[in-house]
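Please read them alongside the coordinates.

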Amino acid sequence: MDIAQLLILAALGAVGGMFSGLVDGGGGIIFVPALVYAAGWDIKEAVAASLVIVVFASLSGTLRNLKSEDPIDWRVAALLSSTAAPASLIGVYISRVSPETVVQVAFATLLLALAYPTTRGPIENHGTPKKILFPLVLAAGVFIGTLSGLVGVGGGVLLVPLMVLGLGLRTKRAVSTSLAIVLFVAIVGAAGYVATGFGEELLSLPPLIVGSMLGAWPGVRLREIAPQPVIRYVFAVYMVLAAVLILVDVVS
């Protein structure tokens, strides 16, 4: 890898990290399209790389949240991780045995499905907390884990509403807890990709990881001063445009 490629990957990492910090998450939703269309990677390689990057991002967030005013609910984290993390290997398997089109359509569909909820902002549960329904949690964990392994998204965007509306957690605590769950899901999913052949590309990841960690700081600071509705709508527009671009590639 030459210097120019290293600089491109570092720049992509910095931009992706900034946007991730700006919208309080993003992960694969940011990095997968960036790697595909700016760095020319195959989408399956981009998905695998995204999960590796998410490991470091979620680890950083989890450590930061250990002393947070809204700490991780480790009981919920263990419950959902026990289903979501192993299920990520199902997504890895589907990705490995399926045509590239399957991953492209799945990723574009996820972007379109999340675009509108993104504009609505944080979800709050103002009613009485609900009891944990273990069959529902099991099914949701398997679905989220499988989707994470297939498209390289940690799953926080789906875990937070599940914990708020289904398990009665407050939004900020659900966000803290989701980072811990995403960490375990990403570790297992990334290990699955490495075990099934994603190895040579690992040499390209250090500049992406370092860039994403450095870029997250200005993103967080910008989030503090920028109007939240504007941020949410810009991110939603990005998701729609990325989805359209992927679907155009599929049919072309």
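**Notes on the model**

1. Ser95 sits in helix α4 (residues 74-97). Helices here are DSSP runs of H or I with at least four residues, and strands are E runs of at least two, numbered from the N terminus. Ser95 is buried, at a relative accessible area of 0%. Buried means under 20% relative accessible area, exposed over 50%, and partly exposed in between, using a 1.4 Å probe and protein chains only. Setting aside residues up to four places away in sequence, Ser95 touches Lys44, Val103, Leu150 and Tyr193. Contact means heavy atoms within 4.5 Å.

2. A word on provenance. This is a predicted model: local features need pLDDT of at least 70, side-chain atom pairs count only at pLDDT 80 or more, and totals for chains, interfaces and linings use all residues. Residues are numbered from 1 along each chain as its sequence is written, and side-chain values use heavy atoms, with hydrogens and water left out.

3. Thr177 belongs to helix α8 (residues 171-195). Thr177 is buried, with a relative accessible area of 0%. Its contacts, leaving aside neighbours within four places in sequence, are Pro71, Ile72, Asp73, Val76, Ala77, Met163 and Leu169.

4. Now the overall fold. The protein chain has ten helices and zero strands. Along the sequence the pattern reads α-α-α-α-α-α-α-α-α-α. Of contacts between residues at least 6 apart in sequence, 81% join residues at least 24 apart.

5. Burial and surface come next. Of the chain's 252 residues, 48% count as buried. The chain exposes about 12200 Å², and carbon and sulfur atoms supply 70% of that. Areas come from the Shrake-Rupley method with a 1.4 Å probe; for residues, only the protein chains shown count as cover.

6. Which residues have the most contacts inside the largest nonpolar core? They are Leu35, Leu80, Leu111, Val151, Met163, Leu205 and Leu208, in a core of 66 residues. Helix α3 (residues 43-65) gives the most to this core, with ten residues. A nonpolar core is a set of buried Ala, Val, Leu, Ile, Met, Phe, Trp, Tyr and Cys residues joined through side-chain atoms within 4.5 Å. Leu80 touches Ala85, Val137, Leu159, Leu162, Met163, Leu167 and Ile181, not counting residues up to four places away in sequence.

7. Helix α10 (residues 228-251) passes a length check. Its 24 residues should span 34 Å at 1.5 Å a residue, and its end C-alpha atoms are 35 Å apart, which agrees. The expected span is 1.5 Å times one less than the number of residues. The buried residues of α10 are Ile231, Arg232, Phe235, Ala236, Met239, Ala242, Ala243 and Ile246.
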